[in-house]
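Let's take a friendly walk through a protein model together. Have a look at the chain below, and then read on.

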Amino acid sequence: MPLRETEAIVLRTYRLAEADKIASLFTRQMGRLRAVATGARRTKSRYGAALEPLSHVRVFIFEREHRDLLRMNSAELIESFFDMQKDYRIQLAAQYVAEVAERMIPEREVNERLFRLFLAVLRSLKHSGEVNRPLLYFDYWLLRLAGFLPDFERCQNCGRALGDEGGYYGPGSEGLSCETCRTGVIGQAISSQVIAAMRAGCQRPLERWIGEEKAPPGCREARRFLEELIEAHAERKLVTRAMMEEAV
Ligand SMILES: [Zn+2]
C-alpha cells in the first residue's frame, strides 16, 4: 500500500470502537476524505494534539483504491486553531466552516484555492477575533469556487436588472428576486449597497481587508444571504448556522 503525505485541516473526528477515531479531513493534495486513526483515543496516542478540530496538520495516509475509508499512519501538527475556540463565537464560527466544508466539498477532489481559503479564514478568526468578515469571505469564495455565486445584478426569475433597489431572497433561494417576483416565501431584502460592499471587500486578500479597513455596514446581513444560498445548495439545514443565529 503506497503511503502518501499531505497537508490537511481536521474538520472533525468521531469515535470508532474503543481506541480509534475516524478523522474527517480536507487535505491539500488528496481532497476531502475520511481516515481511521488507530489508537487515537488512547491517553498516550502518537497523534497528540494533531487531531483537535481545525488543526492544520501534515498527515501520512495509506492510499487504497476502491476504499471509502482510508487509514492514517501518522499526523503532526503544523498550526493549531484550538485555543481560539475558547471564545464561544469563534468556536461556533470554526464549527460552521467545518460543517459547510463537509456538506459542500466533494470527496477526493483536489482544490488548492479552497485549501488556501480555509487557512486564510482560520488565521483571520484566530488573529482578528472578528467573526463576520471571515465568515462572509469564506461563504463568498466557497460559493464562487463551486460555481454557485449568483448574478447579483439580475432577478433570478424574470432576469430584470435589480439596480439600486437590491433584491429579495428566502429559504431555498439560489439568487435574488425582484420586487415583482418575490413570493410569500421570499421575504428578506438585501440592498444594493450591502451587495456592493461585500463584493468590494471579498475582492481583496482577507488579511488586508480586515487589517486596513473597518467592517462596512451590513456584513451580517450579507452573511445571512450567502448562508441561505449555501443551505439551498447543501440541500439541508446547517446545525451550526442555527446556533450562530443566537450567539454570533
Ligand atoms: Zn423578477
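Which residues coordinate the zinc ion? Cys-155, Cys-158, Cys-178 and Cys-181 do so, each through its SG atom, at 2.3 Å. Before we go on, please note that this is a predicted model, in which local features need pLDDT of at least 70 and side-chain atom pairs count only at pLDDT 80 or more, while totals for chains, interfaces and linings use all residues. Residues are numbered from 1 along each chain as its sequence is written, and side-chain values use heavy atoms, with hydrogens and water left out.

**The zinc site**

Donors are N, O and S atoms within 2.8 Å of the metal (3.2 Å for Na, K and Ca); water is not among the atoms, so sites may look incomplete. Here the angles among the four donor atoms run from 103 to 113°, and the site is tetrahedral (four donors with all angles between 85 and 135 degrees). Along the chain, the donors of the zinc ion follow the spacing C-x2-C-x19-C-x2-C. Cys-155 sits in the loop between helix H3 (132–146) and strand E6 (167–169), and Cys-178 sits in the loop between E6 and strand E7 (188–190), so this pair links distant parts of the chain, 23 residues apart. Helices (H or I, at least four residues) and strands (E, at least two) are DSSP runs, numbered from the N terminus.

Are these two cysteines buried or exposed? Cys-155 is buried, with a relative accessible area of 3%, and Cys-178 is buried as well, at 1%. Buried means under 20% relative accessible area, exposed over 50%, and partly exposed in between (1.4 Å probe, protein chains only).

**Aromatic rings**

The structure holds eight aromatic pairs. Rings of Phe, Tyr and Trp (its six-membered ring) pair if their centres lie within 6.5 Å; planes under 30 degrees apart count as stacked, over 60 as edge-to-face and the rest as tilted. Two of the pairs are set out here.

| Pair | Centre distance | Plane angle | Type |
|---|---|---|---|
| Phe-26 and Phe-115 | 5.7 Å | 50° | tilted |
| Tyr-137 and Trp-209 | 6.5 Å | 40° | tilted |

Phe-26 lies in strand E2 (residues 20–27) and Phe-115 in helix H2 (residues 112–128), so their pair ties together parts that are 89 residues apart in sequence. Both Phe-26 and Phe-115 are buried, and together with Phe-118 and Phe-138 they form one aromatic cluster. Tyr-137 belongs to helix H3 and Trp-209 to helix H5 (residues 206–212), so this pair joins parts 72 residues apart in sequence. Tyr-137 has a relative accessible area of 9% and is therefore buried, while Trp-209 is buried at 0%.

Trp-209 also has a charged neighbour: Arg-133 lies over the face of its ring, at 5.3 Å from the ring centre. For this, NZ of Lys or CZ of Arg must be within 6 Å of the ring centre and within 35 degrees of the ring normal.

**The nonpolar core**

In soluble globular proteins, nonpolar side chains tend to be buried together. A nonpolar core is a set of buried Ala, Val, Leu, Ile, Met, Phe, Trp, Tyr and Cys residues joined through side-chain atoms within 4.5 Å. The largest one here has 58 residues, of which Tyr-96, Phe-118, Phe-138, Met-198 and Leu-226 touch the most other members. Among the elements that each supply at least two residues of this core are strand E1 (3–16) and helix H1 (88–104). The largest share, 10 residues, comes from H1.

Terms used
Tetrahedral: all angles 85-135°; square planar, octahedral: opposite > 155°, others 65-115°.
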